[in-house]
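Have the structure open and follow along.

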Amino acid sequence: MPKIKTCRGAAKRLKVTGTGKIKRYKAYKRHMLSCKSRKQKRNLRHATIVAAVDSRRLKRLIPYL
């Protein structure tokens, strides 16, 4: 059987945790930060776990991570 190609864009954006869940970073922290509150910007710093409904679809993009 041939190997599956990894989607390089997804591999650069996503990480797999030790338990097999997919970790991602939050959006909306690139520009126009002056109109966002300090609390909103602080909460956007931390990574979060991908929703369970999306994780199966994303695991196909990164099969060897």
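Arg-30 is found in the loop that runs between strand E2 (22-24) and helix H2 (38-44). The model you are looking at is predicted. With a relative accessible area of 77%, Arg-30 is exposed, because the cut-off for that class is over 50%.

Now turn to Val-50, which lies in the loop between strand E3 (48-49) and helix H3 (52-61). Is Val-50 buried or exposed? Its relative accessibility is 10%, and buried means under 20%, so Val-50 counts as buried. Which residues does Val-50 touch, once its neighbours within four places in sequence are left aside? Val-50 is in contact with Ile-22, Arg-24, Ser-55 and Leu-58.

The next stop is Gly-9, a residue of helix H1 (residues 8-13). Gly-9 is partly exposed, since its relative accessible area of 27% falls between the 20% and 50% limits.

Two of these residues can also be paired with a partner from elsewhere in the chain. The table lists the pairs with their C-alpha separations.

| Pair | Separation in sequence | C-alpha to C-alpha distance |
|---|---|---|
| Val-50 and Ile-22 | 28 residues | 5.6 Å |
| Gly-9 and Ile-62 | 53 residues | 9.6 Å |

For Val-50, the partner in the table, Ile-22, is also one of the residues in contact with Val-50.

How values were computed
Residues are numbered from 1 along each chain as its sequence is written. This is a predicted model: local features need pLDDT of at least 70, side-chain atom pairs count only at pLDDT 80 or more; totals for chains, interfaces and linings use all residues. Side-chain values use heavy atoms; hydrogens and water are left out. Helices (H or I, at least four residues) and strands (E, at least two) are DSSP runs, numbered from the N terminus. Buried means under 20% relative accessible area, exposed over 50%, partly exposed in between (1.4 Å probe, protein chains only). Contact means heavy atoms within 4.5 Å.
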